Amino acid sequence: MPQFNFHKLHFMSRKKIKSALISVFYKDHLEPLIQELHKNNVTLYSTGGTQLFIEELKIPVIPVENLTSYPSILGGRVKTLHPKVFGGILSRRELDTDLAQLSEYEIPEIDLVIVDLYPFEETVSSGASEQDIIEKIDIGGISLIRAAAKNYKDVAIISSRTQYNQILYILKEKEGATDIEDRKRLALMAFNVSSHYDSAIFNWFNKENEISVFKQSLQKHQVLRYGENPHQKGVFYGNLENLFDKLNGKELSYNNLLDIDAAINIISEFDPKRPTFAILKHNNACGLATRNTLLEAWADALAADPVSAFGGVIITNQKVDIATATEINNLFFEVLIAPGYDEKSIELFNQKKNRIILVQKQLALPKQQFRTALNGVLVQDKDLKTVQTSDFTVASKKSPSQSEVSDLLFANKIVKHTKSNTIVFAKNEQLLASGTGQTSRVDALKQAVVKAKSFGFDLHGAVMASDAFFPFPDCVELANNEGITAVIQPGGSIKDKESIDYCDAHNMAMITTGFRHFKH
């Protein structure tokens with residue numbers, strides 16, 4: 001059996017960097033890397049602004065134009081796209097035929113490629129014109145990345161300015177060389193960069209969904225303590241810093257994030273000029289109220305279910321003052337979200353280090369939702385429909401009063417954001433109770449009745465909202481027996497008339513909207 005010198009094999013995988021091609025958009029933090037390459041006597045090739053940057057450091061650099069004998073043309077659109085560049089990157093050093101062709105055509109080997117792509121996503125986010133966006137689609141850079149990554153056995157690729165420190169560390173540790181493990185890892189990172197870049201470009205072109213395909217790429221992420229349960233791993237992909245400033249507290253958990261998402265969605269339904277509080281548990285509102293003052297809104301939101309509120313997620317649409325903060329502070333909660341806090345409130349909340357305090361920023365959220373299902377992905381438009389009085393059809397003989405209309409709109413906003421099957425009771429813009437996530441609508445109603453009574457609410461004069469139609473008249477009958485005077489529901493059941501007839505016979509008002517709000 002042949003004896004292998006594993007030390008020698010490892011040594012052979014280490015390659016000294018003798019030449020590097022550098023073409024980057026952002027030059028931040030590039031200087032230390034250039035200086036290290038120069039110290040190791042690496043021959044540098046570069047283009048345009050990067051070349052000028054290196055020259056200003058008084059470090060020798062060969063313009064790519066000198067290598068290719070072609071100038072940069074078409075306003076900089078074509079600079080590095082040339083066989084003398086890509087031949088030096090893609091040549092396989094172990095193949096004599098490749099090396100012979102390099103010699104024949106006077107193509108130098110390139111051992112390191114450093115690229116930072118045109119900022120396509122930043123340009124889109126800035127609201128730039130279509131032409132400016134098009135010009136920020138990198139062609140040469142993305143080609144250099146793919147070529148160098150493909151030939152990782154011989155070439156190291158730096159595909160983003162976020163990797164400058166990584167290659168700098170490798171070069172210092174290994175005296176200007178890289179190992180095969182380094183190059184393969186860098187290639188993996190490079191294909192991540194290139195695939196993300198291409199996905200962003202495609203999704204911009206495909207804004208109207210002309211091509212039905214699922215492509216999502218999110219680079220920023222944070223590993224969570226665990227998933228929904230401690231035995232499950234969890235990761236959040238996205239940039240929470242764009243949405244919140246975190247003032248205090250432990251790291252957000254998987255379940256925190258689900259509740260926060262539900263909280264942001266439900267509070268967005270309500271007039272930001274009118275103080276509103278919502279308290280959520282397991283993605284459902286267990287308390288919600290709109291009042292003339294923030295303190296009143298808090299007190300009435302909490303009154304709906306002070307038991308479930310324990311350990312919940314709280315959100316408001318107003319800056320939190322110290323009077324309200326003092327009352328909130330009496331409750332154990334996981335997360336509090338608001339557009340702002342006065343200084344005394346912050347001092348109070350920061351007294352407990354684990355309590356998460358977030359300042360919500362203004363940011364447009366995605367208008368589509370997706371989730372895994374079976375061996376694929378389900379995608380749908382987000383339910384952005386908020387029912388208005390213009391959507392109302394008075395199905396019953398009796399019309400709702402002005403105060404009932406206000407409560408019906410209020411209740412329907414809550415029912416839209418509650419797990420199906422669901423029934424919501426409301427009165428005077430206060431959530432009284434809800435039945436959530438039940439397998440039948442009548443069970444959801446019964447659950448809501450029990451909850452309302454357990455916290456001392458009188459349902460006489462309250463309204464009822466349902467996320468879907470009533471298949472039978474039993475729901476309106478039970479509601480009437482508890483004192484409900486007005487009902488809002490989508491309608492559409494083949495037995496709608498039975499429910500409407502019951503309302504007419506018992507002086508109840510019924511509104512149909514034509515919009516179902518299932519939530520699973």
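Figure 1. A pocket is an open set of points on a 1 Å grid over the protein atoms alone, with protein on both sides within 12 Å along at least five of seven lines, and lining residues have an atom within 4 Å of a point. Its volume is the space filled by probe spheres set on the points, which are joined across faces, edges and corners. This is a predicted model, so to speak of a local feature takes pLDDT of at least 70 and a side-chain atom pair counts only at pLDDT 80 or more, while totals for chains, interfaces and linings use all residues. Residues are numbered from 1 along each chain as its sequence is written, and side-chain values use heavy atoms, with hydrogens and water left out. Now to the view itself: the second largest pocket holds about 480 Å³ of space. Its lining has 24 residues, and the ones closest to the centre are Gly 76, Arg 77, Lys 79, Tyr 118 and Asp 138. Strand β2 and helices α3 (48-56), α8 (130-135) and α9 each give at least two residues to that lining. These labels are DSSP runs numbered from the N terminus: helices (H or I) have at least four residues, strands (E) at least two.

Figure 2. Five strands make an open sheet here, in the order β4-β3-β2-β5-β6, and the pairing is parallel. Two strands count as paired if DSSP finds at least two bridges between them. At the edges you'll find β4 (62-63) and β6 (156-158), each of which pairs on one side only. Ser 46 sits opposite Pro 63 of β4. Helix α9 (residues 140-150) packs on this sheet, where it touches β2 (19-24), β5 (112-116) and β6. The direction of α9 makes about 145° with that of β5. Axes here are lines fitted to C-alpha atoms, for helices over the stretch in contact, and angles run from 0 to 180 degrees between N-to-C directions.

**Figure 3. Helix α9 again, this time beside α5.** Helix α5 (residues 83-90) packs against α9 at an angle of about 25°, and their axes are 8 Å apart. On the α5 side, the contact (heavy atoms within 4.5 Å) uses Val 85, Phe 86, Ile 89 and Leu 90. From α9 come Gly 140, Ser 143, Leu 144, Ala 147, Ala 148 and Lys 150.

**Figure 4. Helices α10 and α11.** Helix α10 (residues 164-173) and helix α11 (residues 180-205) have axes that come within 12 Å and cross at roughly 175°. The residues that touch are Gln 166, Ile 167 and Ile 170 on α10, together with Asp 182, Arg 185, Leu 186 and Met 189 on α11.

**Figure 5. A mixed sheet of six strands.** Follow this open sheet across and the 6 strands come in the order β18-β23-β22-β21-β19-β20, with mixed pairing. What leaves one side of β18 and β20 without a neighbour in the sheet? β18 (393-394) and β20 (431-435) stand at the edges and each has a single partner strand, so one side of each has no neighbour there. For β18, strand β23 (residues 509-512) pairs with it in the antiparallel sense, over 2 bridges. Val 394 has Ile 511 as its bridge partner in β23.

Figure 6. A cavity is a set of grid points where a 1.4 Å probe fits but cannot get out. Searching the whole structure turns up 1 cavity of 30 Å³ or more. The largest cavity holds about 30 Å³ of space. Lining it are Glu 269, Lys 385, Thr 386, Val 387, Leu 409, Asn 412, Lys 413, Lys 416 and His 517.

**Figure 7. Two loops with backbone details to spot.** In the loop between α16 (402-416) and β19 (423-426) sits Asn 421. The peptide bond that runs from Ser 420 to Asn 421 is cis, with omega near -15°. The loop between β2 and α2 (31-39) is where His 29 lies. His 29 has phi near 65°, a positive value in a residue other than glycine.
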